[in-house]
Amino acid sequence: MTADDSRPSSILAVQPLGMPWETLDPFLFCVHHDDAYPPGNGRHGPDASLLSGRQMGSDFSGKDGWSMYHGQQVPGFPAHPHRGFETVTIVRQGRVDHADSLGAGARFGGGDVQWLTAGKGIVHAEMFPLLRTDQPNPLELFQIWLNLPADSKMVEPHFTMFWSQDIPRRRFFDEAGHATEVVLIAGDLPAATQPGGAGRPLAPPPDSWASRSQSDLAIWTLRMAPGAQWVLPAAAGDATRRKLYFFAGAQLKVDGHAVPAGSAIEVRGGAAVALVNGPEPAELLMLQGRPIGEPVAQYGPFVMNTEQELRQAFEDYRRTEFGGWPWPDAAPVHGDDGSRFARHADGRMERHPAEE
């Protein structure tokens with residue numbers, strides 16, 4: 001397979017990955033956390049001797065390969081509010097402890113995905129407990145912020161878990177037998193490209209932009225073996241925008257153009273894209289969707305359409321705290337057991353083994 005030089009390149013722009021990663025409407029934000037946490041101290045945090053030199057409460061230093069973020073004893077993000085958008089959290093390695101103002105709690109990781117529709121307002125905490133005391137506790141995750149259209153900004157909050165074993169994974173082999181694996185967190189591949197018997201992606205939350213057929217929304221991760229070749233199929237139409245985040249590997253050819261690792265590549269949504277990997281395994285995240293195309297008024301954790309709506313969001317949070325906080329502290333951790341679980345606000349429980 002080679003790129004056809006007689007047609008225009010599908011590449012619209014290439015830029016270095018920053019922190020956070022720049023996104024396109026309907027996405028608002030994407031960050032890749034990759035922290036090499038040390039063994040835990042038995043209280044779900046690092047040894048106190050490792051905290052010197054950090055700006056505690058706002059540690060994004062990456063010192064020694066990891067950060068505490070807003071955590072004081074346990075790394076992570078203690079209770080904070082959201083309104084007007086969704087968070088999609090893909091935990092590839094390690095564990096995340098979720099708690100929210102609806103009373104829902106979860107521990108997830110090892111490929112699990114949490115999809116949280118903030119809607120009219122929710123408070124949640126995302127903590128990264130260091131469960132192992134005899135070995136390191138690596139954590140890797142993506143958090144993606146997906147906007148909500150104006151008519152869904154004030155829907156009821158919704159908490160959804162996608163467990164790793166239920167998320168479809170497709171494997172493709174080129175003529176030389178090199179594999180490309182595509183993990184479909186949202187959005188399906190065209191039927192003609194799918195291996196037989198593969199399940200369909202899980203349904204997104206009901207009020208998500210992703211749940212609307214015209215959104216053409218997709219969130220995929222790709223892993224390409226050394227030398228692997230694969231054609232990313234075209235999206236449903238030219239109005240769809242897509243971006244590839246090449247975050248691990250050495251070099252990738254996109255429609256015949258060499259792109260180094262650490263690049264964000266915007267490509268034409270309506271075009272098939274030829275990918276040829278270099279000498280090392282490559283990993284990419286793809287974010288795709290038709291733009292919502294509405295004004296965005298954002299201040300920190302609130303994303304609305306107008307400045308007046310932003311002021312109302314702050315007033316509502318000051319007055320109601322979006323339902324209050326039912327947990328004993330701002331940074332809850334769910335014990336020592338590494339098993340994955342979700343306790344929903346209605347009391348429904350889901351449990352899964354600890355193995356990743």
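Q: Where is P26 found, relative to the strands?
A: P26 is in the loop between strand 1 and strand 2. A strand here is a DSSP run of E covering at least two residues, numbered from the N terminus. The model is predicted: local features need pLDDT of at least 70, side-chain atom pairs count only at pLDDT 80 or more, and totals for chains, interfaces and linings use all residues. Residues are numbered from 1 along each chain as its sequence is written, and side-chain values use heavy atoms, leaving out hydrogens and water.

Q: What is the peptide bond from D25 to P26, cis or trans?
A: Most peptide bonds are trans. The one from D25 to P26 is cis, with omega near 20°. M19 and P20 are also joined by a cis peptide bond, with omega about 0°. P20 lies in the loop between strand 1 (11-16) and strand 2 (27-37).

Q: What is the phi of Y69, positive or negative?
A: Most residues other than glycine have a negative phi. Y69 is not a glycine, yet its phi is positive, about 55°. Y69 sits in the loop between strand 2 and strand 3. H44 also has a positive phi, near 75°, and is found in the loop between strand 2 and strand 3 (76-82).

Q: Is Y69 buried or exposed?
A: Buried means under 20% relative accessible area, exposed over 50%, and partly exposed in between, using a 1.4 Å probe and protein chains only. Y69 is buried, at 4% relative accessibility. H44 is buried as well, with a relative accessible area of 14%.

Q: Which order do the strands of the four-stranded open sheet have?
A: Two strands pair if DSSP finds at least two bridges between them. The order is 14-19-16-17, with antiparallel pairing. Strand 14 (229-232) and strand 17 (257-260) are the edge strands, each pairing on one side only.
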